[in-house]
Amino acid sequence: MMAKKISAMDIYKLLPKINCKKCGESSCMAFATKLQERKVTIDECPILKSPKFEKNRKKLEELLSPPVKEIWFGYEDKKVILGGEEVMYRYELTFFNPTAIGIDISDSLPEEEIKKRAKFVEDFVFERTGEKLKLDFIALRNASDDPERFVKALKIIQENTNMPVALCSLNVESIEKALDIVRSKPMIYGATEKNFSEMIKMLISKKRDKKEFALTLSSSNIKTLKGMVKASLEHGIEDLILDPHTTPENIMETLDKFVMIRRSAIERGDKLLGYPILGLPINTYFYVLKGNNPIKQFVEKLDKAAAIMEARTACAMLNRYADGIIIHGTEVWELMPILTLRQAIYTDPRKPQTVEPGLYPIGNPDENSPVIMTTNFSLTFYTVTGDFEKDGVVCWLLVMDTEGKAVDVAVAGGQYCGDNAKKLIEETKIEEKVNHRIIILPGLAAPVRGDIEEKTGWTCVVGTRDSSQVGEFLRKNWNKILEEWKAKQEL
Amino acid sequence: VDWSPPVEKYKGYIREVQFGRPKSEGGRGKVIKIGGQRTLYRFEEVQPNPPVVTFDIFDMPMPGLPKPVREYFQDVMEDPVEWAKKCVKEFNADMVTIHHISTDPKLKNTPPKESAKLMEDLLQAVDVPFVIGGSGDPKKDPLVLEACAQVAEGEKCLLASANLDLDYKKVADAAMKYDHNVLSWTIMDPNMAKDLNRRLISHGLDGNRIVMDPTTCSLGYGIEFSINTMIRLRLAGLKGDELVNMPMSSGTTNAIGAREAWMVNPEWGDRRYRLPLWEITTGLTMLLCGVDIFMMLHPLSIAVIKEFGRLLVS
Ligand code: B12
Ligand code: SF4
């Protein structure tokens, strides 16, 4: 049985229906549609705030709350948001909050190491298609099982970074002491079947002292987990995260549980399982590090093998509803595919991946600089400009409106063509910027070179296949191309 | 509280496709089956066949193969027969894909007859089933595939591919005449996949001889398009659409073409690990979207995907 999907009509019925446009939409119905697509929030309708509509507002809140509750931790100005999901498959709508990635730091490390690692997590950036991909939180692990060490490590992290933290310890005393000094709203990992009543008791008293936290519940049995959710809610602990155990011996079991939890919440409307899921690829890391190396024929070094296998677990979890993960490895080559996959899965399929077409000066181009023509697909645009920046290419970049298609796709689909090139040249007035009439085309656009020359009257030179080779190409050829063209004009 | 696993009822099923012919029926030996699922997830029902990886090899040294791949095959790249043997002996290949790239008129323009000769030698050399690929030239491919299909008669290979840019009827005819399967390749559009399958079936090809390739965009280069397409096709199949309930194939090797995989760049760390991991991430994502057969290149990536695939059937 599918949980019922709410329609814009269901929402509309609860709105004031006076079409006053104060929300910025043309009508209440338009606002309802936007609400349904989660493009606006109910706060944007001022009328709903009046006492008359209090009941409706409550009903709307209930109606619009996603089947997977949104939970946050961290600092007010630096939040990690987990969950909030509505669908099983991204094509049905979109996924909302990208899987938060936490990096493990052990409290047994020397002080300097803790500081270094924490800084690394905070500063790490991998830039792709104009987006800065980053790590989200620090998972401080009470490896020493010593509350004092735990607290000391937390202090080091707080003094040196502004990163949200997960306090990872099954030792209730450690968590209690850490809560006393923590400056942010932490994620607590966690309450297990074993420490449950003791942990909850301590947390209830902290709550009374106005401490805020998100609590991870951990059990390999989903039914037990559900019972733990119920018990926590009864004690007023409502910001929950679920950990159905990550078992590196058979990672499929873990993934199955992720799916069962998510499907129960979304398709069966099971409210008690409607919480974010936490995955622990770090378990795979240490499992391999201990000598369980399934790829030793190819990678003998245990730490490298561990990182590869950890990344494979992380990647599988990103594909199976993990809202947060904790990993140990920090090699760039391990983080890159994880971050890239996350970026892909969480792009909004409802939005075209485009940039504004037009003319972009790269570097400080002048009247003798080359004119280069690419497409307005964001992946293409950012790859090209990234390459140019790295290689110090100076040029006039013409970005054609190909409806967000890559070069070869647009060539095959007919959007990268003479007519569009002509339009682009006219609209950008590029001929006033340069004293030549030469366009460099991507190698993949070779088949439409004739068409573009014919429609625009500009000379087209087919460049390299990959934009990373353009710098080299220009250094070798641009002066020659320009001179030859000038010589031809004089004839 | 109570809870039971959220198991769905599916009206449809995924067809099972067989590669290879057993010795008992006069074949060369190894038989591989893919597909046959009746559910989406393992917890609903363990799937009958594990996903299969087929090793890419080329009939001439593939230009531009990056070093982390070349270092495994340097010694055999001039000799596809040795290359196939190495895949089977050293890396336990279950299947091999021979790409007859030299048949490209822009490369060596090798005649179909010569490709067929190579095909015979390959069939002699190893006992695993083959995927037979051309060069991508739409005029030449059907001829090459036909010639190779003939010498491999009865071996239930996978002819790669039938698509809308070429004479797909010729490819289907070769499969019907010589007892093979067909890879039905379209570009990331579930409707296009359905359309091509319909055409192949109405031409007379048995639907149980079709494997769909809805195109794999690599990690970072549109993998989200592939995720959507694969999932939609698999769900439609399980819901009972008999025009798209074929097993699916992924050209995972595409991932190696991504610059994040092949490019030497100290800021991105060691390419020896980065490259296979890019291929693994791409393949694993496709696997979790339902893909049944993977064309891959790096032996390490293949090992990881195979190890993962085994979990699906246990
Ligand atoms: C993702 C994809 C799609 C997506 C589109 C996503 C998008 N927004 O573009 C969808 C599903 C929509 C799609 C549709 C189609 N596709 Co398509 N698609 C692809 C795929 C897998 C990747 C394209 C990509 O993202 N490339 C990455 C970007 C960054 O590359 P790029 O734009 O080319 O930029 C690079 C270079 O060109 C260069 N560069 C860029 N600018 C410049 C400028 C200069 C001066 C220089 C020198 C270099 C340079 O550097 C960049 C970085 O390397 C390719 C196959 C492949 N290449 O792997 C097929 C592919 C491009 N598609 C193909 C086809 C046939 C189609 C369709 C026509 C299918 C159909 N019959 O409907 C449609 C056309 C749609 C349309 N235009 O209306 C074919 C094209 C074959 C051909 N050349 O004739 C391809 C090659 C697949 C194949 N092998 O058959 N596709
Ligand atoms: S502000 Fe509220 S009442 Fe006014 S149009 Fe928008 S939704 Fe309707």
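Modeller: The largest cavity holds about 480 Å³ of space. A cavity here is a set of points, on a 1 Å grid over the protein atoms alone, where a 1.4 Å probe fits but cannot get out; grid points are joined across faces, edges and corners, and the volume is the space filled by probe spheres set on the points. Rolling a probe the size of a water molecule over the atoms shows where empty space is left.

This is a predicted model, in which local features need pLDDT of at least 70 and side-chain atom pairs count only at pLDDT 80 or more, while totals for chains, interfaces and linings use all residues; side-chain values use heavy atoms, with hydrogens and water left out. Residues are numbered from 1 along each chain as its sequence is written, and chains are lettered from A and ligands numbered from 1 in the order in which they are written.

Lining residues have an atom within 4 Å of a point, and the largest cavity has 35 of them. Nearest its centre lie Arg320(A), Tyr41(B), Ile231(B), Leu288(B) and Cys289(B). Two or more residues of this lining come from each of α9 (251-266) of chain A, α7 (223-238) of chain B and α9 (271-288) of chain B. Helices are DSSP runs (H or I, at least four residues), strands are runs of E (at least two), and both are numbered from the N terminus. The largest share, 4 residues, is given by α7(B). By class the lining has 20 nonpolar, 6 polar and 9 charged residues; Ala, Val, Leu, Ile, Met, Phe, Trp, Tyr, Cys and Pro count as nonpolar, Asp, Glu, Lys and Arg as charged, and the others, Gly among them, as polar.

With a cut-off of 30 Å³ or more, the count is 2 cavities.

Now the listed residues. An unreviewed UniProt entry gives a "binding site" that includes Thr374(A), Thr380(A) and Ala406(A); such annotations may be inferred rather than shown by experiment. Thr374(A) sits in strand β14 (residues 371-375) of chain A and is buried, at a relative accessible area of 3%. Buried means under 20% (1.4 Å probe, protein chains only). Ala406(A), in the loop between β15 (395-400) and α14 (407-413) of chain A, is buried at 15%. Contact means heavy atoms within 4.5 Å. Beyond four places in sequence, Thr374(A) touches residues including Thr380(A) and Val407(A), and Ala406(A) is in contact with Thr375(A), Phe377(A) and Thr380(A).

Methods: Buried means under 20% relative accessible area, exposed over 50%, partly exposed in between (1.4 Å probe, protein chains only). On a 1 Å grid over the protein atoms alone, a cavity is a set of points where a 1.4 Å probe fits but cannot get out, and a pocket is an open set with protein on both sides within 12 Å along at least five of seven lines; lining residues have an atom within 4 Å of a point.
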